[in-house]
Amino acid sequence: MTAQTCPRQHQRTTMEIASLEPSLYTVKAVFILDNDGNRLLSKYYDKELYPSMKEQKNFEKNVFNKTHKADNEIAFVEGMTIVYKCSIDLFFYVVGSAQENELMLMAVLNCLFESLGQILRKNVERRCLLDNMEGVFLVVDEIIDGGVILESDPQQVIQKVNYRADENPLSEQSVAQIMQSAKEQIKWSILK
């Protein structure tokens with residue numbers, strides 16, 4: 001009987017050691033919820049963690065219920081390390097494994113929050129976030145790729161996203177100029 005249990009114990013010990021080894025895959029998930037706990041944005045990088053939408057939403061609801069009235073910045077829920085921050089009517093969460101360094105996760109959270117603050121012109125609230133969702137996804141993708149932290153400096157993220165808060169949307173005149181230029185290009189390509 002001991003001959004049979006030894007290989008299992010060895011296998012389990014090897015698996016435990018492997019799970020404690022450092023990995024670049026630091027972030028398991030990022031999500032933003034409104035003040036009612038409804039999902040506005042979520043990205044799960046570990047497909048085995050919560051494979052279905054139902055499991056993800058249950059996890060998010062559980063996290064929200066344990067954190068929305070707390071004054072802490074770190075929570076441990078379902079064996080996961082979670083750092084979070086709230087702003088007006090939004091809750092920002094970054095999730096890592098139980099062994100993950102909270103400071104690394106906090107650096108990601110702060111970068112996300114500060115980058116969005118610049119994009120949203122310091123108006124980090126639900127309506128503004130929903131109106132600029134494309135920019136929000138770009139920011140998340142510049143900070144994290146597949147669970148690997150790429151950037152933690154908000155200025156670098158904003159520069160990479162090339163999202164300038166000063167830029168005005170296209171005016172009617174500039175749209176007319178673009179259309180005229182396109183017509184000219186089409187005309188010349190047909191005449192060739």
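This report covers the confidence, the sheet and the helix packing of a predicted model.

## Confidence

The mean pLDDT of the protein is 80. Of its residues, 78% reach 70 or more. Strand 5 has the highest confidence, at 94. Helix 1 (residues 2-20) has the lowest, at a mean of 46. Over residues 1-18 the pLDDT is below 50, and this stretch has zero contacts in the model beyond near neighbours in sequence.

A further stretch, residues 163-171, also stays under 50. For residues 163-171 the model has nine contacts beyond four places in sequence.

Five strands form an open sheet in the order 2-1-5-4-3, with antiparallel pairing. Strand 2 (39-44) and strand 3 (74-77) stand at the edges. Each has a single partner strand, so one side of each lacks a neighbour in the sheet. From one strand to the next, the twist averages 20°.

Strand 1 (27-34) is mostly covered, with eight of its eight residues buried. Seven bridges join strand 1 to strand 5 (90-97). Here Ile32 stands opposite Phe92 in strand 5. Five bridges join strand 1 to strand 2. Ala29 has Tyr44 in strand 2 as its bridge partner. Strands 1 and 2 form a hairpin, with four residues between them. In the turn, Gly37 has a positive phi of about 85°.

Val77 has Met80 in strand 4 as its bridge partner.

## Helices across the sheet

Helix 2 (residues 53-67) lies across strand 1, strand 2, strand 3, strand 4 and strand 5. Helix 2 runs at about 115° to strand 2.

Helix 3 lies across strand 1, strand 3, strand 4 and strand 5. Its direction is at about 25° to strand 4.

## Helix 3 against helix 5

Helix 3 (residues 102-119) also packs with helix 5 (residues 133-143). The angle is about 145°, and the axes are 10 Å apart. The crossing is right-handed.

Which residues meet in this contact? Helix 3 contributes Val108, Cys111, Leu112, Ser115, Leu116 and Ile119. Helix 5 contributes Gly135, Val136, Val139, Val140 and Ile143. The residues of this contact divide into nine nonpolar, two polar and no charged.

Methods
Residues are numbered from 1 along each chain as its sequence is written. This is a predicted model: local features need pLDDT of at least 70, side-chain atom pairs count only at pLDDT 80 or more; totals for chains, interfaces and linings use all residues. Side-chain values use heavy atoms; hydrogens and water are left out. Axes are lines fitted to C-alpha atoms, for helices over the stretch in contact, and angles run from 0 to 180 degrees between N-to-C directions. Helices (H or I, at least four residues) and strands (E, at least two) are DSSP runs, numbered from the N terminus. A crossing is left-handed if the near helix is turned anticlockwise from the far one by less than a right angle, and right-handed if clockwise. Contact means heavy atoms within 4.5 Å. Ala, Val, Leu, Ile, Met, Phe, Trp, Tyr, Cys and Pro count as nonpolar, Asp, Glu, Lys and Arg as charged, and the others, Gly among them, as polar. Two strands pair if DSSP finds at least two bridges between them. pLDDT is the predictor's confidence in each residue, from 0 to 100. Buried means under 20% relative accessible area, exposed over 50%, partly exposed in between (1.4 Å probe, protein chains only).
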